[in-house]
Amino acid sequence: MAGIIFGCIILVLVGWAIVKGKYAPFILIASGVAMLAFSVFFDTGTFMPKKALPTGNDYLNIIEFIRYMFSTRLAGLGLLIMTMVGFASYMTHIGANDAFVNIAIKPLSIIKSPYALVFLAFLLGKAVSMVITSAVGLGVLCLALMGPALAALGMNKKAIGAVFVTSGAASLVLIGGSTAAAAKACSLSILDYVFVFKIPAALPTVLVMGLAHVFWQKYLDRREGWNPQEHMGEQLVFEGEDVKKPSTAAPKFYAILPFLPMIFVVVFSRYCIDSIKLDITTLMFFCVAIAMICEAVRWRGSIEKLGAGLKAFLMSMGKAMSGVVALVIAAGIFAEGFKALGMVDAIVNLSSSVGAGAIGMSILFVVITTLVTIITGSNGASFYPLIEMVPKIAKDMGVNPVMLVLPMHQASTIARPLSPVAGVVVAIAAMLKMSPLELVKRASVPSIVGLIAHHIFAFWLSL
């Protein structure tokens, strides 16, 4: 009981610190160490993995456990995340992402109906999100590219902002740190997690959210007395953000380069070429090598150009280490302290005693993830600490971990537009000179509908 009480106090303090904007990795590591020390003092549970090296002193074992976490996470999941982030940044550096974006936005010229454009613009935003993984970068870029055309066709700038602030919701990307962590928690390959569960649940969710956008934006426009026909030809002027348009310098065939990991992960699998086995990290380096060969041909072997590209790749890997990877390691330490206090067992027992079962536990995790995301404005702060606890809970309950992981994973992206302090909400609201709360209102119904719809689709797929 002492461990559970202490764990609850720590949870409150951690929540308060994250809301106050404190550095999340430090908060999670410090609270994890405190919980591990408490577990040693009151003998509430064990935490040393079998592969760790006992020091002979229970308190020094905490330091050894931290070393073990850095060692194992950096060599495995951490390296994978760093290569994924580095690859995405390299694609931006060489103009491959711009090449894809320039092709993706062309369908805008086909449709003239403002509310049909709401649906199309949301789908195009989702297409661009497959190569631009930063929520802020994605929202700002889509707004800069498509916003003026949509405004000229009579769309309300509030509706335009709402469409692009939700572009990162219900993620479809393969190369992402959260996707790698989710696949690991489900004991699945990234290929199986993404193509068997993540994308099949996300695609219908995207369609549902797009339709919800159409009806919700039209309803709010009518309440505000906005008639698209009266605003045809209006200009959209941005403020506060550098909104450069994508370069057209890169060859058009570069548009395929950001999708190489998705292509090769299928090609070198049991579904295609089964004789070749490539670790996903190896595959990422392979894709970088192909892109560098293209750059060597494009720039005729220029050492300066190739060196600048490699530098951009390595620097992004370093930034990922101090960002996402640090958060993943910190979350692991926090989660182990949480388990050592007996908190996970208490949650499972409580769920069983009230008859909540897998559905109830899944809803609980989604609610917690959603609330933390709204409060902090960060999907990482809500997802990584919780994902560390899921494998044990799923095993104890005898359920498919996908049933718990996938709804929580996507809830962290779908709920982000509901937070007035989220980076993408603040950036787009500033560009459009509108209140973040007004933007959240415009994005609220599509996001809430998306949360419910995705949970239903994910649960059905995991049965």
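This is a predicted model: local features need pLDDT of at least 70, side-chain atom pairs count only at pLDDT 80 or more; totals for chains, interfaces and linings use all residues.
## An exposed serine in a loop

Ser-187 has a relative accessible area of 68%, so it counts as exposed, the cut-off being over 50%. The loop that holds Ser-187 runs between helix H8 (177–185) and H9. Its backbone deserves a look too: Ser-187 is not a glycine, yet it has a positive phi of about 55°. As background, most residues other than glycine have a negative phi.

## The overall fold

Stepping back, the protein is built with 19 helices and 0 strands. Its radius of gyration is 23 Å, close to the 23 Å that the globule rule gives for 463 residues, so the protein is as compact as a globular protein of that length. Along the principal axes, the C-alpha trace spans about 75 × 60 × 40 Å.

Buried residues account for 55% of the 463 residues. If you take the contacts between residues at least 6 apart in sequence, 80% of them join residues at least 24 apart. The protein exposes about 19,800 Å², and carbon and sulfur atoms supply 68% of that area. As for charge, there are 33 positive and 21 negative charges, and their mean positions are 5 Å apart.

Helix H18 covers residues 423–431. Its buried residues are Val-424, Val-425, Ala-427, Ile-428, Ala-429 and Met-431. They pack against helix H6 (135–152), H7 and H19.

Just after H18 comes Lys-433, with a positive phi of about 55°. Like Ser-187, Lys-433 is not a glycine. Lys-433 sits in the loop between H18 and H19.

## Phe-164 in helix H7

Helix H7 (residues 157–165) contains Phe-164. With a relative accessible area of 1%, Phe-164 is buried, as that is under 20%. Which residues does Phe-164 touch, not counting residues up to four places away in sequence? They are Ala-121, Gly-139, Cys-142, Leu-143, Met-146, Gly-147, Leu-150 and Ile-428. One of these, Ile-428, is also among the buried residues of H18, and H7 is one of the helices that the buried residues of H18 pack against.

For a sense of distance within the model, compare the positions of Phe-164 and Met-317. They are 153 residues apart along the chain, and their C-alpha atoms are separated by 27 Å.

Ser-444 is buried because its relative accessibility is 16%, with the cut-off at under 20%. The side chain of Ser-444 reaches the backbone oxygen of Lys-441 at 2.7 Å. Beyond residues up to four places away in sequence, Ser-444 touches Trp-216 and Leu-418.

## Gln-410 in helix H17

Gln-410 belongs to helix H17 (residues 402–414). Its relative accessibility is 0%, so Gln-410 counts as buried. Which residues is Gln-410 in contact with, leaving aside its neighbours within four places in sequence? The list is Ala-170, Ser-171, Lys-198, Ala-202 and His-454.

## Helices H10 and H11

Helix H10 (residues 260–267) has Leu-260, Pro-261, Met-262, Phe-264 and Val-265 as its buried residues. What covers them includes helix H3 (60–93), helix H9 (190–224) and helix H11 (280–298).

Helix H11 also holds Phe-285. This phenylalanine is partly exposed, because its relative accessible area is 39%, a value between the 20% and 50% cut-offs. Leaving aside neighbours within four places in sequence, Phe-285 is in contact with Thr-83 and Phe-313. Phe-285 and Lys-20 are 265 residues apart along the chain, and their C-alpha atoms are separated by 38 Å.

How values were computed: Residues are numbered from 1 along each chain as its sequence is written. Side-chain values use heavy atoms; hydrogens and water are left out. Helices (H or I, at least four residues) and strands (E, at least two) are DSSP runs, numbered from the N terminus. The radius of gyration is taken over C-alpha atoms; the globule rule is 2.2 Å times the number of residues to the power 0.38. Buried means under 20% relative accessible area, exposed over 50%, partly exposed in between (1.4 Å probe, protein chains only). Contact means heavy atoms within 4.5 Å. Accessible areas come from the Shrake-Rupley method with a 1.4 Å probe; for residues, only the protein chains shown count as cover. Lys and Arg count as positive and Asp and Glu as negative; His and the chain ends are not counted. The place of a charge is taken as NZ of Lys, CZ of Arg, CG of Asp or CD of Glu. A polar contact is a pair of N or O atoms within 3.5 Å; within protein, one must be able to donate a hydrogen and the other to accept it, and residues adjacent in sequence count only if both atoms are side-chain atoms.
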